[in-house]
Amino acid sequence: MTQDKPHTGDEATPSPEELREQVEATREELGETVEALAAKTDVKTRAQEKTVAVKQQVAEKTTQVRAQLRDKATHAAHVVQDRTPEPVRAKAAAATEQVRETAAHAGQLAREKAPEPVREKADQGMRMARANRKPLFAAAGALIALVLIRRSRRHR
């Protein structure tokens, strides 16, 4: 703001122009100070800014955690596959094929005996299963492998 100087007799009295310049500079400083204080006291705006910052942090952390989980799941699947003995994997593949054939046969029988509305719903379910075939086979294979591993451990 203004600088208070002790007035000595040697100093010249400021001219009106100098006084106007000092007043204008003081007004600018005061305006900046008021704006800074107003920004600090505007709780709603500060809360909104903080909310946006927290949302960004959460989104970044979510993306990071999702990637870590995906990597860990992939690693776990590889570890299980590597540790599963070949005979167990062969049995799982054979069991998967047998389940597939049995399911196809049961589906054919059900289709022949079922009324039309039931057939339409079944067809809709089959279309959805075909659209998501890979995840379904992976889950079925993992489940069968798990059952066979447990069964083999019990017999030891």
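Biologist: Arg150 is found in helix 5. Why does Arg150 count as exposed?

Modeller: In this predicted model, the relative accessibility of Arg150 is 52%, and the term exposed is kept for residues over 50%, so Arg150 falls into that class.

Biologist: What makes Lys91, Arg150, Arg151 and Arg154 a patch of positive charge?

Modeller: Lys and Arg count as positive, and a patch of like charges joins residues within 9 Å that have over 30% relative accessible area and no salt bridge. Lys91, Arg150, Arg151 and Arg154 gather on the surface in such a patch, and Arg150, at 52%, therefore lies above the area limit. Helix 5, which covers residues 133–154, supplies the largest share of the patch, namely three residues.

Biologist: What makes Leu143, Leu146 and Val147 a nonpolar patch?

Modeller: Leu and Val are among the side chains counted as nonpolar, which are joined within 5 Å when their relative accessible area is over 30%. Leu143 also has its place in helix 5, and with a relative accessible area of 54% it is exposed, so it passes that limit. Together, Leu143, Leu146 and Val147 present about 270 Å² of accessible area on the surface.

Biologist: Why is Arg20 called exposed, and why is Glu17 called partly exposed?

Modeller: Arg20 has a relative accessible area of 54%, whereas Glu17 has 46%. Exposed means over 50%, and partly exposed covers the range from there down to the buried class, under 20%; therefore Arg20 is exposed and Glu17 is partly exposed.

Biologist: How do you know that the side chains of Glu86 and Arg89 meet in a salt bridge?

Modeller: Their N to O distance is 3.7 Å, and the limit is 4 Å, so Glu86 and Arg89 qualify. Both residues lie in helix 3 (residues 86–113), three residues apart, or about one turn of the helix. Arg89 is partly exposed, because its relative accessible area is 33%.

Biologist: What makes Glu97 and Arg100 a salt bridge?

Modeller: The closest N and O atoms of Glu97 and Arg100 are 2.6 Å apart, which is within 4 Å, so this pair also meets the rule. Glu97 and Arg100 are separated by about one helical turn, being three residues apart in helix 3. With relative accessible areas of 33% for Glu97 and 36% for Arg100, each is partly exposed. By this rule the count for the model comes to three salt bridges.

Technical notes: Residues numbered from 1 in each chain as written. Predicted model: local features only at pLDDT ≥ 70, side-chain atom pairs only at ≥ 80, totals over all residues. Heavy atoms only, no water. Areas by Shrake-Rupley, 256 points an atom, 1.4 Å probe, with all protein chains shown as cover. Charge placed at Lys NZ, Arg CZ, Asp CG, Glu CD. Helix = DSSP H or I, 4+ residues; strand = E, 2+ residues; numbered from the N terminus. Buried < 20%, exposed > 50% of the residue type's maximum accessible area, 1.4 Å probe, protein only.
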